[in-house]
Amino acid sequence: MRLEGLHAVVTGGGSGIGAAIAQALAREGARLTLVGRRREALDAIAATLPGACIAQADVTDRAAVDAAFASARAAHGPIAILVNNAGIAPSAPFAKVTAEAWRQTMAVNLDALFHCCQAALPDLIAAPSGRIVTVASTAGVKGYGYTAPYVASKHGAIGLMRALATEFAHTGLTANAVCPGFTDTDIVGDAIANIQAKTGRSADEARAQLTRFNPQGRLIDPAEVAEAALWLCLPASRSVTGQAIMVAGGEVM
Ligand code: NAI
């Protein structure tokens, strides 16, 4: 139990990669708070985690984040681990990206990191081994077509981790990003449906459009991303900070 008793907050913990990370941290003894908007999804995952609590919030809303983190602290004490996982991945040709879609993507994928990191900061720098892990993406280090706001926001997410890693290197806090390639979750399910609708391809053909980026020719399992995030959270990983760790089957950056 390498995280025995440590309080870990996971945003977007009700599904996909966030749920897998919460389960991996709980297996190592962490006490979990799941932050998100969808009560039923959060309840279903919390039911699989001993003693987990839920703090409902839209992470784009600073006041809601502050209230959620206050209730998390009241339940489980100071926050030792923050996992910024909530995200959205809309797709459109750049010429058709609306101002609203641009702003919404920045709000969820980047502004929310500002809110959550700042809200948890006093606890994280007071902790012996404070940890921030942000679920960025391979789109944080390379470009992909038809998803410019996502690519820009994920580059920003990695930049923020590098900034915090440097600014807080004199404390016990580390800040890192994990960067999955295409991973088998709802986001990719939606992308496959979108490709089918726009191109008339079959589900298998649409899926192949995405797996071709991965030299291993498959979608990543959320549990694989969770293992990388867990490793970054361990006290023994204290020298690993400011990094963007690819979990992408060797996809070339
Ligand atoms: P998902 O759709 O299952 O998870 C996203 C979660 O974020 C959901 O639980 C959703 O409710 C939550 N969320 C969205 N907007 C929110 C808001 N305003 N406030 C609170 N919660 C909000 O999909 P997945 O794949 O598990 O995504 C998790 C993270 O992984 C995202 O940041 C995504 O960009 C990233 N990622 C996913 C990849 C993939 O291929 N699935 C690849 C690379 C990165």
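**View 1. L82 sits in strand β4, which covers residues 81–84.** Strands (E, at least two residues) and helices (H or I, at least four) are DSSP runs numbered from the N terminus. The model is predicted, so that local features need pLDDT of at least 70 and side-chain atom pairs count only at pLDDT 80 or more, while totals for chains, interfaces and linings use all residues. Residues are numbered from 1 along each chain as its sequence is written, and side-chain values use heavy atoms, with hydrogens and water left out. L82 counts as buried because its relative accessibility is 0%, where buried means under 20% relative accessible area, exposed over 50% and partly exposed in between, with a 1.4 Å probe and protein chains only. Leaving aside residues up to four places away in sequence, L82 touches V9, F69, C116, C117, A120, L124, R131, I132 and V133, a contact being heavy atoms within 4.5 Å.

**View 2. Helix α6 spans residues 186–199.** From first to last C-alpha, the 14 residues of α6 reach 20 Å, close to the 20 Å expected at 1.5 Å a residue; the expected span is 1.5 Å times one less than the number of residues. V188, I192 and I195 are the buried residues named in α6. Seen down the axis of α6, its buried residues fall within an arc of 60 degrees, and therefore line one face of the helix; the arc is that of the directions from the helix axis to the C-beta atoms. Cover for the buried residues of α6 includes α7 (203–211), whereas the face turned away from the buried side carries the exposed residues D186, D190, A197 and K198.

View 3. The C-alpha atoms of G200 and L82 are separated by 41 Å, with the two residues 118 apart along the chain.

**View 4. The ligand is surrounded by 26 residues.** The closest of them are S15, N85, Y150, T183 and T185, and a residue is near the ligand if one of its heavy atoms lies within 4 Å of it. At least two residues of this shell are supplied by each of α1 (16–27), α5 (148–167) and α6.

**View 5. Polar atoms of N85, Y150 and T183 lie by ligand oxygen atoms.** A polar backbone atom of N85 is 2.8 Å from an oxygen atom of the ligand, and a polar backbone atom of T183 is 2.7 Å from a ligand oxygen atom. For Y150, a polar side-chain atom lies 2.7 Å from an oxygen atom of the ligand. Taken alone the ligand exposes 820 Å², of which the protein buries 95%, with accessible areas from the Shrake-Rupley method and a 1.4 Å probe.

Terms used:
A polar contact is a pair of N or O atoms within 3.5 Å; within protein, one must be able to donate a hydrogen and the other to accept it, and residues adjacent in sequence count only if both atoms are side-chain atoms.
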